[in-house]
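Thanks for coming. I will go through pockets, then a helix, then a pair of rings. Please have a look at the structure before I start.

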Amino acid sequence: MERLALAVDLGGTQIRGALVDAQGRMSERVSTLTLAQEGVQPVIARMMDVIRSLRGKAEGENLEAIGVGAPGPLDPWRGLIRSTPNLLGWHDVPLRDILADEFGLPVYLGNDANLAALAEHRFGAGKGSANLIYLTISTGIGGGIVSEGQLVHGRHGLASEPGHMVLEREGPLCGCGKKGCLEALASGTAIAREAREALMAGRPSLIRELGGGELHRVDARLVAEAAQRGDPLAQEIYHRAGFYIGLGIVNLMHLFNPEVVVLGGGVSQAGDLLLAPLREVVAERALASFQEDFSIVLSGLGDDVGLLGAAAWAFSHPAQEESGVRWPR
């Protein structure tokens, strides 16, 4: 009988669920709006509805566990969502225990960006590698690290926050409240901010026309469109973002010596606008020995990366436990 995991991706906008087998194949999908503004209990109730629906479709199958990916910070060992800006009122919510008590199945909770790294390692662009770094470049910058086949968690499960590497001593203010983070320099939010600031300072640009003269409409995708049409300001902004992401990758290479860095998220879809300066920085600044048998690739899992990561996390635990390893609690 096929091994199945019930995967749930808890996002600020949507709750998505799927049945996933051990090869990463999805057989069923369910989704609903999160409606995070309604608070903790209504969101958990909607998660339970998604799980019930999928469990009903899996009746008679070998459903091993529930894997849940959620925004952090969270504690994967205790199954707590400690706090998250995208979910109103979520402070030390024992989500693992709530779901396990309701459904009588093992439940494994993980940071969604960390689990995306696990998905790329098991099923995606990093399949077959033992050492992988995943970066998602979107509204913010998140990621995860796989070292010798295992996710890097750190003392309290808070490791792998590449977006908060500090690259500029007096850089722009990040959403975390600190200055000079990679996220504040190269995320989609940072790209849009730099474009708006330049337009407000009077820089001529196609960006203004594409946004209909309304600064609030300027986002990273619009800046990418202007850059692809040859706009100097937009190209300059993307080149700067690529430089800083490349610098972050160099730091990560020197710390973890990965075989592959996988890039996901909407901003990565700008292609060579971002990748060309990024690769140039890596070639120039990474030690030669770290560049041997190393590659930077784009994610091929798309929007499924969160669900596949949650499933991979669920499948990881029985294998570890059978080998005699006991996960911290």
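The largest pocket holds about 1500 Å³ of space. This is a predicted model, so please hear every value as computed from it. Lining that pocket are 44 residues, and nearest its centre lie Asn-86, Asp-112, Ala-113, Thr-136 and Ser-138. Elements that give two or more residues to the lining include strand S1 (3-10), strand S2 (14-21), H3 and helix H10 (305-322). Which element gives the most? That is H3, with four residues. By class, the lining has 25 polar, 13 nonpolar and six charged residues.

The second largest pocket has about 380 Å³ of space. Its lining has 16 residues, and Asp-219, Ala-220, Arg-221, Gly-266 and Val-267 are the closest to the centre. Here H7 supplies the largest share, five residues. The classes are six nonpolar, seven polar and three charged.

Back to H3, residues 112-123. At 1.5 Å a residue its twelve residues should span 16 Å, and the end C-alpha atoms are 16 Å apart, which agrees. Ten of the twelve are buried, so H3 is largely enclosed by the rest of the structure. Among the buried ones are Asn-114, Glu-120, His-121 and Phe-123. At the N-terminal end, Asn-111 caps the helix, with a side-chain oxygen 2.9 Å from the backbone nitrogen of Ala-113.

Last, the rings. Searching the whole structure gives one aromatic pair. Phe-243 and Tyr-244 form it, edge-to-face, with 5.2 Å centre to centre and 75° between the planes. Phe-243 is partly exposed, at 26% relative accessible area, whereas Tyr-244 is buried, at 10%.

Terms used
Residues numbered from 1 in each chain as written. Predicted model: local features only at pLDDT ≥ 70, side-chain atom pairs only at ≥ 80, totals over all residues. Heavy atoms only, no water. Expected span 1.5 Å × (residues − 1). Buried < 20%, exposed > 50% of the residue type's maximum accessible area, 1.4 Å probe, protein only. Polar contact = N/O pair within 3.5 Å; in protein donor to acceptor, adjacent residues only side chain to side chain. Phe/Tyr/Trp six-rings, centres within 6.5 Å; stacked < 30°, edge-to-face > 60°. 1 Å grid on protein atoms, 1.4 Å probe; cavity = no way out; pocket = protein on both sides within 12 Å on 5 of 7 lines; lining within 4 Å. Points joined across faces, edges and corners; volume = space filled by probe spheres on them. Nonpolar A, V, L, I, M, F, W, Y, C, P; charged D, E, K, R; others polar.
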